[in-house]
Amino acid sequence: MISVKNLNYTYQPGMPFERQALFDISFEIPDGDFAAIIGHTGSGKSTLIQHLNALVKPTSGSIVINGTDIVEKDADLKKVRSEVGLVFQYPEYQLFEETVYRDIAFGPRNMGLSEAEIKERVLEAAGLVGLSEDLLGKSPFELSGGQKRRVAIAGVLSMRPKVLILDEPTAGLDPHGRDEILGQISRMHKEHGDMTIIFVSHSMEDVAKLAQHIIVLDHGRVVMDGEVAEIFARGDELSKIGLDVPEITRLTYELIARGVDIRPDIYTVDFAKRIYAELFLGREGTEC
Amino acid sequence: MLKDITIGQYIAGNSPIHKMDARVKILFALLFIVLLFIIKGVAEYAVITLFLALVVKLSGVPLKFIVRGLKPMLFILIFTVLINVLMTTGEVLWSVNLGIFTLRVTREGVTMGIYMLLRLVYLVIGTSVLTLTTSPLMLTDGIEKLLKPFEIIKVPSHEIAMMMTIAIRFIPTIADETDKIMKAQTARGADFESGSIIRRAKAMIPLLVPLFVSSFRRADELAVAMDSRCYRGGASRTRMKEMRLTKYDAYAGAVIFAVIAILIASRIAFF
C-alpha cells in the first residue's frame, strides 16, 4: 500500500529559480494495483514518482510505503529502493557494464546477495522481459534500442521490487517494440499478482489497455483520481487540461452525438470490436 | 552538489551592468583581477571593496546567489588561509610545539591570510558578476571580438568562441544528465556518498560510462544539426545583434578609471 499525504515540493527554495512543482498531493495505491499517472508535459509526473523511492525528498508531507514512512530521517533508503523499483524515462541511457548479464546484476550486487542468488535473479529478470540467454554475454551497447530498454527494465526487476514504477516505458519505441514492452508489463502484473505497478504515460490507449486506476496531474496538482471508466467518462475535463480520451472512445462519442444508440464506456479497441460487431452486424462479434 | 555550479548560469535583467557591452565587461573584469593582485593595505582594499559592492548592487543579482557560487570554493579558501597564517614568518602571536616542528601563528600571517581570503573571494565574486549578468552567447561573442586582432598570428578566434559557446551551452544539459543517471543508479542501489576514496572512485564508473556515451552521442547529433544548417565557420558571418558601445560603458569606464586614479594617487601621496 502506497499512501501519499499533503505532499508539497519546491525546487531550489530561496533561489531566484525557485518554483513549486507539486502542490498538496494526496492519493493511495493499494497492493497489486495497476495504476497510471497521466498529465501534460511539466505537470510534475516525473518529480512525483521520484518521491516514491526517496530519490527526492518532499518539502512537506508524508509518504508511507507498506507501513514505512520513507520521509523520516532514519528510514532505510537502500531497503526502500529495493522494494520500490523505478525505471526512468529512456532507461537505456544508464547501461554501463561490459555485458548484459553484469548490467542486470548491478542492482542485486548492490543488495549484497550471493553469486548464486544473483545468477538466479538475473536469469529470472531476463526471462520476464523476454531477453534470450545468448544476449546475456553481449555488450549492452551492441543491442537494438528495444533490447537495450528491456535490459534496463530487467536491471530494476532483478531487485525483485514489490512496487514497479515505469516512467513512459514506451517513449521513442517503434509500434512493435512498444507492444512487446507493454505485453510483458501486463503479463508480469498478471503472473505476480502482488506486484504493484505504476506507470506514467502520454498514451491514453496504453492507459486504457493496461491500467485499473488513473491519477491525473495538472500543474502539480492531483485533479482526478479514480477507476479508468470514471476518469475517461470525464472527457471534457480531460481535454480542458490538454489531455484526451482514447481515440476509440472519441469515435464512440461522435457516434452517440449523431444518434447511434451505443454504450459510452468503450475504452479499448478489443472491447469496441465486440460492441460494434453486435451493434452493426446484429450478432456476436467474430474476428474479421 | 550540481546545483551549486553557477558557471554558465545567467540571470536575465535590465540593470546598467547587464546593458554594458560584453567586450567592455570582459576587459574590465580582467583589469579588476589585475588590480586585486596589485593592491595592498587596508585603504586600498577598502576602495576595491566599495567598488565591488557598488557593482554587485547595480547588477541587481541577489547576494545569496553570489554567495552560493563561493560554496564549492570553501576548501580552497580555508586551505589558503591556513597555509598563509601558519607559514608566514614574523611576530609570533601564538605557538604550539608538536614535537618535530612548531606551529606558529604570526601577526604577518594573519594579515596575509585575511588579504588572500579577500583576494580570492573578490576574484570569484567579480567574475561571477560578469557571467551572471552576461548571457553566455554575448560572452563568447565578446571573446571572439577581443581575439580578432590575434588572427594575424593564426589564433582561430571564431572556432575558439564557438567551442566555448558549445561547452557553456552544455554545462546545464550535462549537469541535468548527471543528476538523472545518478538518480537512476541510486534507484538500483548504487551509493555515491559513502565508503573509502577507492570505493567512491569505483562507484563513479556507473555514472561516468553512461555520461561519456551520451556526450559523444550529443556531440554527434549537434555536428549533424550544424552541418544540415550549412555551418561553415566564421568567415563572413553576420550577427543579429551587433555589439555597440553605449553610455553605460562610458559610465563604467569612468568609474573604474576613477578607482585606479584613487589607488595611484594614494600611493603617490603616501610614499
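Chain B has a radius of gyration of 23 Å, whereas a compact globule of 271 residues would come out near 18 Å. That radius is taken over C-alpha atoms, and the globule rule is 2.2 Å times the number of residues to the power 0.38. This is a predicted model, in which local features need pLDDT of at least 70 and side-chain atom pairs count only at pLDDT 80 or more, while totals for chains, interfaces and linings use all residues. Residues are numbered from 1 along each chain as its sequence is written, chains are lettered from A and ligands numbered from 1 in the order in which they are written, and side-chain values use heavy atoms, with hydrogens and water left out.

Laid along its principal axes, the C-alpha trace of chain B fills a box of roughly 70 × 55 × 40 Å. Chain B holds 11 helices and two strands; these are DSSP runs numbered from the N terminus, helices being H or I with at least four residues and strands E with at least two. Read from the N terminus, the order is α-α-α-α-α-β-β-α-α-α-α-α-α. Some 38% of the 271 residues of chain B count as buried (under 20% relative accessible area; exposed is over 50% and partly exposed in between, with a 1.4 Å probe and protein chains only). Take the contacts in chain B (heavy atoms within 4.5 Å) between residues at least 6 apart in sequence: 71% of them join residues at least 24 apart.

B:Thr133 sits in helix H6 of chain B, which covers residues 107-133. Its relative accessibility is 1%, so B:Thr133 counts as buried. Leaving aside residues up to four places away in sequence, B:Thr133 touches B:Tyr10, B:Ile17, B:His18, B:Lys25, B:Ser59 and B:Val61. The side chain of B:Thr133 also reaches the backbone oxygen of B:Val129 at 2.7 Å. B:Phe37 is another story: 96 residues away along the chain, its C-alpha atom is separated from that of B:Thr133 by 24 Å.

Over in chain A, A:Gln94 is found in the loop between strand S6 (84-87) and helix H3 (100-104). A:Gln94 is buried because its relative accessible area is 6%. Not counting residues up to four places away in sequence, A:Gln94 touches A:Phe88 in chain A, along with B:Ala184, B:Gln185, B:Arg188 and B:Pro210 in chain B.

Key
Polar contact = N/O pair within 3.5 Å; in protein donor to acceptor, adjacent residues only side chain to side chain.
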